[in-house]
Amino acid sequence: MKTLITFILLLILSFSVSIVKADSSLKANFVTGDPGVTSINSMAFGPEGILFIGDSKSAQIVAIDLSKHPKVDNSKVSIDQLDKLIADMLGTTIDQVQITDMVVNPENNNIYISVHHSSGTPVLLRVENNNLKQISLAAISHSKTTLTDAIAIEAKDKRGRELRKWAVADMRYDSGKVLLSGLSNKEFASTFRSIDFPFTDKQNYGSLEIYHAAHGKYETHAPIKAFLTTKIKGNPHVIAGYTCTPLVVMPMDKIKSGEHHKARTVAELGNGNTPVDMIEIVNEGKRYLLIANTNRPLMKMDFDDLEAYEGSLTTPVTKKGAAAGVAYVNLPYVNVQQLDKLGDMGFLMIQRESTGNLALKIGSSWWFKS
């Protein structure tokens, strides 16, 4: 009997050890120290509390371990005067700070905000009990990789604006890969990358081409500004938004390294605008696409309509601000600067209200109820 009990205990111990090893495998190559983050242009969460940072200035992706951060209750998160609070924390004024991204850890709903200081210093903040706590990156467990053929640091567009900040435009983690949009130094600059994680020397990327209905032509230089991965009719796809504002879809299995991809333009959301963030909300079995924009209200698109649209926009939309393709509904939220999911069917946003107040707050789930 003792032998049997001992065997069972050893079996349980062995199984537990294997679980720990499996759980920690993604961090096997992590080291503790300063990862040298010089900018935070985009963020995305992976499993095990790993936060991916897109650092355009240094043309790198940095994975940091935030698993030790305790879960806090953000079900009633609400912070007013967010920009002033950040400026006061950093000992500066509102005009010297810029919020570059906000992301929610889907495993525990912890909220993180990235900030660019006028000094060039990137700052990472965590929301805790409706207050902000700065996270030091000086000695953190991390892993990183450098982007291949990133847009040159001195590159500028036709208006003389620097392009390096678009080396990483948006980023997601999906099924063992870090997916990101941005600009490369190649002839067809618009690029979509797939990077294996844990990081290796392998880095797949291809160029992109879309029909831009508001411009009335095919384009290969503008980067995807916001995207997400999802399923359309059961198959993995990327849904992506560009400036001025075509919405496109791409089957994941068609995106292959070293190849030029043509995405299908399914909607024109109106020119004079740039998508900021997009998320997918599911309620009562129905799926919705939610898009935050620079110059438009928050948009809600029904996935049933998206999946039913099998065509592609290939002719110009000449009327200023007009929409075409898959229909959407404007929600009563304007000046939404950052957007992410919070829980199963909620969403969190940073919004500049009509009073001038910059608020971190939860959006109403009423808009997704039948």
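This is a predicted model: local features need pLDDT of at least 70, side-chain atom pairs count only at pLDDT 80 or more; totals for chains, interfaces and linings use all residues.
Five strands form an open sheet, in the order 16-17-18-20-24. The pairing is antiparallel. Which strands stand at the edges? Strand 16, residues 226-232, and strand 24, residues 324-325. Each has a single partner strand, so one side of each is left without a neighbour in the sheet.

Now go inside the sheet. Strand 18 covers residues 246-251, and strand 20 covers residues 264-268. The two pair in the antiparallel sense over four bridges.

Next, the aromatics. The structure holds twelve aromatic pairs. I'll take two. In the pair of Phe-52 and Tyr-173, the ring centres are 5.6 Å apart and the planes are at 10°. The cut-off for stacking is under 30 degrees, so this pair is stacked. Phe-52 lies in strand 3, residues 50-55, and Tyr-173 in strand 11, residues 170-174. The pair therefore ties together parts that are 121 residues apart in sequence. Phe-52 counts as buried, at 1% relative accessibility.

The second pair is Phe-192 with Phe-227, and it is edge-to-face. Centre to centre the distance is 5.2 Å, with 70° between the planes. Phe-192 is in strand 13, residues 190-196, while Phe-227 is in strand 16, so the pair ties together parts 35 residues apart in sequence. Both Phe-192 and Phe-227 are buried.

Back to Phe-52 for a moment. Phe-52 and Tyr-173 belong to one aromatic cluster, together with Phe-30, Phe-197 and Phe-199.

Two lysines also meet rings. The charged end of Lys-225 sits over the ring of Trp-166, 4.2 Å from its centre. The charged end of Lys-262 sits over the ring of Tyr-218, and there the distance to the centre is 5.5 Å.

Last stop: Ser-42. This residue is in strand 2, residues 42-45. Is Ser-42 buried or exposed? Buried, with a relative accessible area of 1%. What is Ser-42 in contact with, leaving aside its neighbours within four places in sequence? The contacts include Phe-52, Ile-53 and Gly-54, as well as Asp-101 and Met-171. For Met-171 there is a polar detail: its backbone nitrogen lies 3.5 Å from a polar atom of the Ser-42 side chain. Ile-79 is 37 residues from Ser-42 in sequence, and 22 Å away in space, C-alpha to C-alpha.

Notes:
Residues are numbered from 1 along each chain as its sequence is written. Side-chain values use heavy atoms; hydrogens and water are left out. Two strands pair if DSSP finds at least two bridges between them. Rings of Phe, Tyr and Trp (its six-membered ring) pair if their centres lie within 6.5 Å; planes under 30 degrees apart count as stacked, over 60 as edge-to-face and the rest as tilted. Buried means under 20% relative accessible area, exposed over 50%, partly exposed in between (1.4 Å probe, protein chains only). A charge sits over a ring if NZ of Lys or CZ of Arg is within 6 Å of the ring centre and within 35 degrees of the ring normal. Contact means heavy atoms within 4.5 Å. A polar contact is a pair of N or O atoms within 3.5 Å; within protein, one must be able to donate a hydrogen and the other to accept it, and residues adjacent in sequence count only if both atoms are side-chain atoms.
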